[in-house]
Amino acid sequence: MQDKRLIEYHFDETEHQFSVGDIYLGTVRKVVSGLNAAFIDIGYEKDAFLHYHDLSPNINSLNRFTKEVVAKKPVSLRLKNFNPDPQIDKLGKIVDVLSKNQPVLVQVVKEPISSKGPRLSCDISIAGRYIVLVPFSNSVNISKKITSKQERQRLHKLLSSVKPDNFGVIVRTVAEGKEVSDLQKDLEGCVEKWENGMKLLKSAKPRDRIISEMDRAASILRDMLNDDFDSIVVDTKETFDSIRTLIQTIAPQKEKILKLHTGKAKLFEQYGIEKQLKSLFGRSVSLPSGGYLIIEHTEALHVIDVNSGNKSTQEVDQEATALHVNREAATEIARQLRLRDMGGIVVIDFIDMKKPENKRDIHEALKEEMKSDRSKYTILPISKFGLSQITRQRVRPEMNISTRETCPTCGGTGTIQASIAVTDLIENNIEYLLTKQNEEKISVIVHPFVYAYYKEGIISRQMKWFFKYKKWVKLIKDSSIGIINYHFLDKMGDEIDLGG
């Protein structure tokens, strides 16, 4: 969360297999020369896909080493005195490298999504906090985000001197300015992880997982934990202990921000996450000024439609309204892409703008808002039809939460919008009617539960409205209406049409 707003939401299923980063002993099922790819059996219901471009240049070394370890030949698991095979040609053919029924060590780079099996790579890598270890390579590469020439040279020289033979290293951005001891400890941890995996490989059967990625919570902290974090809250003792151990290893100074939640209220309730989840994952997402987004998903792409609603009338003309709503939409869309982990092709239909400079403005705003996104993405300028196209790397199935609840009054035959969000809708309408439409006196007809909610306490929520707007809002309870239904009446007792 950032400023109390939910920015990312991840869901980790227990014993979830085929996670990004997991390494398996697979078996080649078939090699398809037309696709220049192979299908590998790693135990998923559909064979996983491995393209020639995802083979490591050192695939022959990997295959020979795998064969020797499986055959229990005396070979150094730390690759000491290992003589690498020549690298393969970048433009070669997969039939020259892999053959049917051959065992092969593979790593998941994309989880099973929709009707597709996992996507694999043979460019094996073991991720640490500061470095990524690449067996059978010998190069040292530094993250492009480290721009200081001096620092790049320091890291290159340092890691070239400490890394073991036949292991390459990719230095991550967080390694900038770190001590040699931190980097060496991280490097040793990665080599150890590789060595333990290779011990398992000796007795592994096809489809076995050899090295597994950390659970989602740990891997997010490993990759993201920085000085911007001011609180980490956990609600189970086991997770608390495992995360504390991880933080002590990767960032001991941050240990004090880790807290165990022990309150009576659920963790997600206390931090307002439950409410945000219900209102953010629906087909329709509201914008602050009264506009809204409609988000539709298909197999091929995601479509987002930006609408101005009927309350965005504070701007002087149509162009200004369109620009204002589109700006708000750009901010919310960048957040929604991260929140739902939407990937592949995303097409956004912004409200039409006539002026080219306004289109450029929205394009720049979208680019700016997406800077903090960790996935790789490309944003095309807004086309003459007012469409913006984004491609965003997709490595996991999209996060989707059902935001509808079974209706308590119709015995589950129909669904209603999330009841948790009804009070927000009522309060937004009250503000709109009293400040924008200058209604003198309004009444609200609500379900008895909602009525009780607004009446409770010495200074009730109804009283707070009076202090805020200097106008009294009358509440009328009606048990015949649903919990999420409400009606506004004007001073004459006529119903006010709130429109869409």
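Helices (H or I, at least four residues) and strands (E, at least two) are DSSP runs, numbered from the N terminus. The structure is a predicted model, in which local features need pLDDT of at least 70 and side-chain atom pairs count only at pLDDT 80 or more, while totals for chains, interfaces and linings use all residues. Residues are numbered from 1 along each chain as its sequence is written, and side-chain values use heavy atoms, with hydrogens and water left out.

**View A. Glu-111 in the loop between strand 4 and strand 5.** The loop runs between strand 4 (103-110) and strand 5 (119-121). Glu-111 is buried, with a relative accessible area of 4%; buried means under 20%, exposed over 50% and partly exposed in between (1.4 Å probe, protein chains only). A polar atom of the Glu-111 side chain lies 3.3 Å from the backbone nitrogen of Val-20.

**View B. Phe-136, with a positive phi.** The phi of Phe-136 is near 70°, in a residue other than glycine. Phe-136 sits in the loop between strand 7 (131-135) and strand 8 (140-142). The residue is buried, at 8% relative accessible area.

**View C. Asn-438, with a positive phi.** Asn-438 is not a glycine, yet its phi is about 50°. Asn-438 is exposed, with a relative accessible area of 51%.

**View D. Helix 11 against helix 12.** Helix 11 (residues 448-455) and helix 12 (residues 461-469) pack at about 60°, their axes 5 Å apart. Axes are lines fitted to C-alpha atoms, for helices over the stretch in contact, and angles run from 0 to 180 degrees between N-to-C directions. Helix 11 is therefore oblique to helix 12 (under 35 degrees is roughly parallel, over 145 roughly antiparallel, 65 to 115 roughly perpendicular, and the rest oblique). Tyr-453, Tyr-454 and Lys-455 of helix 11 make the contact with Arg-461, Gln-462 and Trp-465 of helix 12, where contact means heavy atoms within 4.5 Å.

View E. Strand 15 (residues 301-307) and strand 16 (residues 344-349) run parallel and are joined by five bridges. Asp-305 has Asp-349 in strand 16 as its bridge partner.

Conventions:
A polar contact is a pair of N or O atoms within 3.5 Å; within protein, one must be able to donate a hydrogen and the other to accept it, and residues adjacent in sequence count only if both atoms are side-chain atoms. Two strands pair if DSSP finds at least two bridges between them.
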